Amino acid sequence: MARIIPGSPAKEIVDTLRSAKGYYLTNTARDLSQSDFKNRLLLHTDLIAAEKRDNAGYFSLEITGGASIHVDMLRKQVNPFTKLRKLREKMPNTMFQTLCRGVNLFGYRPYPKNIVRFTVREFAKYVDVWRTFDFLNHVPNMTAVFEEVARAGRLNEPCLCFSTGPEHTNEFYVKKAQEIIDVTGRDITLCIKNHGGLGSPVRIGELVDALKQNFGDIPIHYHGHNTDGNDVGRIVEAVKNGASIVDAADSAFTGFYGPPPILSVVQTLREYGFHPEGLDEDAVIETSEIIRDERVYYEQFESQIKGFQPTVQIHKLPGGAMGSSLEQASKGGFLDKMPEILHKELPRVQKELGNYWSVTPGSQILWTTAVANVLDGERYGNPSGDLRNLLLGKYGPFPFYQPEDWIYEKVLGENWRQVLEEEGGIEEIADIDLALERYELSSLIGVEPTDEQLVLYLQHPNDAVDFFKFEEKYGQVHVLPPSIFFRKGGFYQGEKLSFRDYHGKEHMIEVGPSPVTNSGETSVYLMVDHHQTIYTYQKKTAAGGDAAVQVLTKEEIIDLAKAGDVRSPFNGKIVEISVEEGQEVLVGDRVAIMEAMKMQTPILCEMAGIVTAISAKKGDTMHPGAKILKIDLNE
Amino acid sequence: MKTRILVANRGEIAIRLIRAIQELGYEAIAVYETPDEMSSHIRIADEAVCLGPGPRSDYLNIDKIIRAAKKSGAAAIHPGYGFLAENPYFAKACEASGVIFIGPSSEIISNLGNKVIARKIMGDAKIPMVPGTANLSQGKEGIREALGFAEKYGYPVMLKATSGGGGRGIRRIESDKDMVEQIPVARAEALAAFNDDSVYLEKVVVNPKHVEVQILADSFGKTLHLGTRDCSIQRRNQKLVEIAPSMIQNKELLDNICETAVLAAKAANYLNAGTVEFLIDSDMNYYFMEINTRVQVEHTVTEMITGIDIVRNQINIAFGKPLSFGQEDVNIRGHAIEVRINAEDPKNNFMPEGGKKVSVYRSTGGFGVRLDGFVYQGYIIPEVYDSLLVKLTVHGFTWEETVGRLRRCLANFTISGPKTTIPFYQNIANERDFVNGDFDTSYIDTHPYIFHYEEDSSEASKLARFVAEIHYAKENPFAK
């Protein structure tokens, strides 16, 4: 069977799949990185694997999208577009795949339509396969992406987000698929997005069969996670029932919450008489041999808890959220509460909130609500802004049923019916003036931005600007191997670090001494390409001094707020200061919005008065108890 | 006790002067303001006197400097360039207190510093000057005179208020219509601003070459020239690149200019080292501009092609010694180019980069290379003074060899920390018109692409900074 190469028209790709006897494989490197390594697998490692992966003959390599756009800039300091260009140089024969959250793109909230279209256009220059989903399976949330992808001549792969429960019937999914096909036409691949790895092999087999019965000409792409250790079983049933493409990843890096190993899938399906189309098994094996030694550098990003989690069938957290939730629990000191949160509260909240699909950003809403419910002691007592928006229907309608009235009342207040009446429903987000945004960005970074820079800025404004400034100062650091990038404890004196820069030029840095002066100034001596360079660092402000942040208890923070001293209630970032100095405020007015764990939470006024001092500003990182602003009695 | 000379300056020129003083067997006394206490001119001097906190005000304080000279037993003061170098009151104060001022007399400085008096002296000596009118007559007659002048010399012309100055009361006239309209307006304005409505015209020399002649004159009546320099590569009257001799391929013209310079110096009764500046238009007419009564920044190029130490001769002349050579001994040999390496960002309107630490300083060297600088690795550039770090002067037998040497030296010159003008000069050294020796004062404006270069902050140094961060923080602070 001929290999499907990048640049093929969508119809040609789909026709090839329709006539294929065997099945194809997608290497979901992006999902592996996100689910088992907190998205930290570096471009450096992907480039080491690139040649062998290209030889392996996959249907596609999922290497961008999801949370990776954000993490690329925030934690890996690589431009997501540069990443695609560098990989394309080394992988000329493999289609690149992205995961797009529909109207939420690669972020956590809906974007105006013109941003959606602009973003898709820029990424479509590099991305061949567009896997697009909406956490409410609300098709209108995806149509702008569908249209732009088709316009760019790329392959649309709409998703049916999959979950379990009495509402999640074949009839529902077949009807949903019809709704999608009515918009996209039939030259697509249809993805079953099993982001939690839910359901039994039999259930997945039945679903694929139902879809094939109704849409025989549409290739099905099964995507799953191995959280319960049984995804190979689901994959086998999917293929047996007619799925054309399935997802798996390189065994050298497989963990617990991501995709299963490619080779296990291939070996198992062979027993059933299914042949992997275009696959070079030797190249699959060689890829893992080449990158296996790199895994040690990523140990710190692996899950805090090791082992499969068959209880995912109860709590339904998606693979991508497993690692980060465990990390939050570990950092927040509530690991001991996890059984209660995961196995009792989360399923309860899930049911109460309509049994929709637990995937970004819906999974974050479920998770933060469940955590708050357990830790605060009062259920729905401290609702996040995003939960409020969910109930108001800002993301789209509930697919099966609405939450009960008491939840509306808790979240929206006593007059919730009126609030729902006045504010409810999807708002058409007005297009924004891109020229104005471009101007804004140019003034922030001091140069005329490229279209790609503007796209990244529109996705994650603060973090993109920080990244552009970082790049200007430190260059293209993605060339550094993980042994340097993730080094702990500093380098040895005399250690020689060699690497090739972005232009391919070889460099060597020899680490010299780092003496500290009496005044606490540290000088780091490096021999850069045999020339001595000195970097000087001022003494860090001592912990425990006046500047040290006082850690206040939750009760203290609430007491202070009632006295007009508004403090940050948790670790997070200021997204907005909603008031100005001198402004009159009433109890319940929103004075600021903070963001933590991807969720936005309004900070409400606990005392009527006048805003007299504002200590925090947009973008500030806050500790619990850090000052936000002060309200004095209006006398 | 050895003869002592006080150096009333800072930076690279202080070092240049100290070297000449010490080579003559004398002792050099440095002065400094506290922001300059890290400056290397203090270290190589035989003694240093702190003038005060400044900034700049103490280098300009005549009383303090004369007191420092008296206290340290200095017989003479060399003012260098800038600061008090062309301040007649300073020369006068030296004369009054019995300290030798190394330079011309206060009277000469005063006369040549005044445009009107200087123009009168040169006019009397028949030195060619930019054509101009006397004060225009009132009314229609004045307009007729003006149009006649324009017809003879062509547009554009400058219409200037006689009592104006400092750039005020000047307008550029491009046509007859313009002239008729502007004269009454200019008069009205001048009357209101200076209480004098007289105006006159001067021809505008469009895109001239800036050529100057180095003069040495002793107190025994000997006045010599050391050939020409071309300082056309300027931005807003700030010289960037200077060469010697001028690249004009017309020996007779250059000889005439040099002889005219000597005549001009004699007309002014000039003493000591000076520079006579000329503008040369595209038809090779030359016009006297002014005489600078100091040692110039770019004196190095003349020293390289003549082998004559100008500062040493300045001191000898000031001490009443005759010049030890004649005009026939002055031979021009080869070519020299000087570039002023400044801590500035050419891409950002030459914004100074003061306050930054020089983290790497690797200078160049070898045959035909001269460096006049004062910074070193670890030096923090004070924000309160000018941004000149080092002058790189190269000398070669042919122009081609000299440009090649300049390129080589710039490529091997590394200064990290502040941005510098080095990459900008690298572009000039590779630019075709410069390589062909073909440039005038419009050079920077007509060659905008010389501003296009990659910042010196190379990938390697950026990545090294990142490695240093990881090393210092004991983990990658961005990847947490």
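In what order do the five strands of the open sheet in chain B stand? The order is 3-2-1-4-5, and the pairing is parallel, where strands (E, at least two residues) and helices (H or I, at least four residues) are DSSP runs numbered from the N terminus, and two strands pair if DSSP finds at least two bridges between them. Strand 3 (47-52) and strand 5 (100-101) of chain B are at the edges with a single partner strand each, so one side of each has no neighbour in the sheet.

This is a predicted model, in which local features need pLDDT of at least 70 and side-chain atom pairs count only at pLDDT 80 or more, while totals for chains, interfaces and linings use all residues. Residues are numbered from 1 along each chain as its sequence is written, and chains are lettered from A and ligands numbered from 1 in the order in which they are written.

Within the sheet, strand 1 (residues 4-7) of chain B joins strand 4 (residues 76-78) of chain B in the parallel sense over three bridges, and B:Val7 has B:His78 in strand 4 as its bridge partner. Helix 1 (residues 11-23) of chain B packs on this sheet, touching strand 1, strand 2 (27-33) and strand 4 of chain B, and its direction makes about 160° with that of strand 2 of chain B; such angles run from 0 to 180 degrees between N-to-C directions, with axes fitted to C-alpha atoms, for helices over the stretch in contact.

Chain B as a whole has 16 helices and 20 strands, and 45% of its 480 residues count as buried, meaning that 20 or more other C-beta atoms, placed from the backbone, lie within 10 Å of the residue's own.

Chain A comes to 24 helices and 20 strands. Of the contacts in chain A with a separation of 6 or more, 72% are between residues 24 or more positions apart, a contact being two residues whose C-beta atoms, placed from the backbone, lie within 7 Å.

Technical notes: A residue is buried if 20 or more other C-beta atoms lie within 10 Å of its own, exposed if 12 or fewer, and partly exposed in between; C-beta atoms are placed from the backbone.
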